[in-house]
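Work through the exercises below with the sequence and the model side by side, and try each task before reading its solution.

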Amino acid sequence: YRMHRHAALQSHSKVFATIRARNTALMTSTVTLGPIELDFTPPITTTGNPAVAVAVKDGGALEFDWDLSDFADPETNVCKFEIAIRSEDDTVDIVPYFAAHGDASSCDEDQHTAEVPRSLLGAA
């Protein structure tokens with residue numbers, strides 16, 4: 001379920017969400033989640049143009065490496081990275097976004113790697 005942004009909700013606010021389920025006999029149960037810290041700002045690059053190393057591995061897979069510190073979020077941690085391969089004019093996904101290796105629920109790792117298997121790159 002997705003809710004549109006409400007004007008009363010501000011970034012940095014802590015809120016609780018209550019979910020209610022109702023059956024056909026009109027019986028209900030609820031669960032409350034929270035506190036949930038709201039974050040309305042996207043991650044930013046700290047260097048303007050992060051350094052990304054690209055290598056062709058055995059079998060033709062592409063490997064991308066970058067430093068975690070090149071990305072930050074002023075409100076919450078950046079712990080998930082996705083990568084896509086796009087056309088030269090940046091209008092078409094050749095390989096759609098997929099999760100990069102090294103993602104974790106905490107930001108303890110300094111280096112993140114994404115490997116695009118040769119099978120996803122199509123014929124050379």
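The exercises that follow concern a predicted model, and they go from the whole fold to single residues.

**Exercise 1.** Determine which elements the protein has and in what order they run.

*Solution.* Begin by counting the elements, which gives one helix and nine strands. Then follow the chain from the N terminus, where the order reads β-β-β-β-β-β-β-β-β-α.

**Exercise 2.** Find where Asp70 is placed, and decide whether Asp70 is buried or exposed.

*Solution.* Asp70 sits in the loop between strand 5 (62–67) and strand 6 (71–72). Buried means under 20% relative accessible area, and Asp70, at 10% relative accessibility, therefore counts as buried. Leaving aside residues up to four places away in sequence, Asp70 touches Ile44, Thr45, Thr46, Thr47, Pro50 and Ala51.

**Exercise 3.** Describe the aromatic pairs that a search of the whole structure finds.

*Solution.* The search finds two aromatic pairs. In one of them, Trp66 and Phe81 are 5.7 Å apart centre to centre with 65° between the planes, an edge-to-face arrangement. This pair links distant parts of the chain, since Trp66 is in strand 5 and Phe81 in the loop between strand 6 and strand 7 (82–86), 15 residues apart. Next, the ring centres of Phe71 and Phe81 lie 5.4 Å apart with the planes at 70°, so this pair is edge-to-face. Phe71 belongs to strand 6, so the pair with Phe81 ties together parts that are 10 residues apart in sequence.

Finally, consider accessibility: Trp66 is buried at 6% and Phe81 is buried at 7%, whereas Phe71 is partly exposed at 25%. Trp66, Phe71 and Phe81 form one aromatic cluster.

How values were computed: Residues are numbered from 1 along each chain as its sequence is written. This is a predicted model: local features need pLDDT of at least 70, side-chain atom pairs count only at pLDDT 80 or more; totals for chains, interfaces and linings use all residues. Side-chain values use heavy atoms; hydrogens and water are left out. Helices (H or I, at least four residues) and strands (E, at least two) are DSSP runs, numbered from the N terminus. Buried means under 20% relative accessible area, exposed over 50%, partly exposed in between (1.4 Å probe, protein chains only). Contact means heavy atoms within 4.5 Å. Rings of Phe, Tyr and Trp (its six-membered ring) pair if their centres lie within 6.5 Å; planes under 30 degrees apart count as stacked, over 60 as edge-to-face and the rest as tilted.
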